[in-house]
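The sequence and structure are shown first.

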Amino acid sequence: TFDLGPYVISVTRDSAVIMWRTLDELGGKVVYRQGSDGEEVEVLQEGLTTIHEILLAGLVEDSDYSYRVESDGVSSEEHVLRTAPPLGTPVRFVGWADSQSGWEVFTEQVPLLVDDGPAFVIGVGDLVNNGKNDPDWKQQLFGPARSLLHQVPLFAAIGNHEGNSHNW
């Protein structure tokens, strides 16, 4: 059911966006809670689609949230994201580029990145070899970085290899 994701983008002090892709046009929802024992909240997506994007709003800054996504009765594993801290708080982040031609090495480095506990990651281009080739995204970015992107938001800049692709 899940072709890509779920993955976290656009985390702020009081919101986060969860995305995932399904093979078929389906409905979707995110079920989340603050911490590991908070009350569950469901956010439903309107309509059917293959690319799911749900905003979680009204979150508490500098807090952990457990979440899972659901489509067509299938649920992802539970993952944890953290909202941004107060302004002026130092944070740790990771940046990389040009992983498209070394995705095997990138795959080996991702667990180290997860262990470092970054607040966010920045991909500064050429994350895939050919942005128009859909399988490149799974093989060279979303596959290798899966465990990282479940919990840490990715802010990416387009490189010449991604091109002006509809996949971007």
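Glu61 forms a salt bridge with Arg13, their closest N and O atoms lying 3.5 Å apart; a salt bridge here is a side-chain nitrogen of Lys or Arg within 4 Å of a carboxyl oxygen of Asp or Glu. This pair links distant parts of the chain, 48 residues apart: Glu61 belongs to the loop between β5 (49–57) and β6 (64–71), and Arg13 to the loop between β1 (2–9) and β2 (15–26). Helices (H or I, at least four residues) and strands (E, at least two) are DSSP runs numbered from the N terminus. The model is a predicted one, in which local features need pLDDT of at least 70 and side-chain atom pairs count only at pLDDT 80 or more, while totals for chains, interfaces and linings use all residues. Residues are numbered from 1 along each chain as its sequence is written, and side-chain values use heavy atoms, with hydrogens and water left out.

By the rule above, the count comes to 13 salt bridges. Three of them are listed here.

| Glu61 | Arg13 | 3.5 Å |

Glu40, in the loop between β3 and β4, pairs with Arg68 in strand β6, so parts 28 residues apart in sequence are tied together. Lys29, Arg33, Glu40, Glu42, Arg68, Glu70 and Glu78 are linked in a network of salt bridges.

Accessibility is classed as buried (under 20% relative accessible area), exposed (over 50%) or partly exposed (in between), using a 1.4 Å probe and protein chains only. Glu61 is partly exposed at 34%, and Arg13 is partly exposed at 36%.

Helix α2 (residues 134–142) has as its buried residues Asp136, Trp137, Gln140, Leu141 and Phe142. Seen down the helix axis, these residues fall within an arc of 145 degrees, so they line one face of α2; the arc is that of the directions from the helix axis to the C-beta atoms. An α-helix has 3.6 residues a turn, so residues three or four places apart point the same way. The buried residues of α2 pack against β1, β9 (93–96), α1 (103–116), α3 (146–149) and β11 (154–156), where contact means heavy atoms within 4.5 Å.
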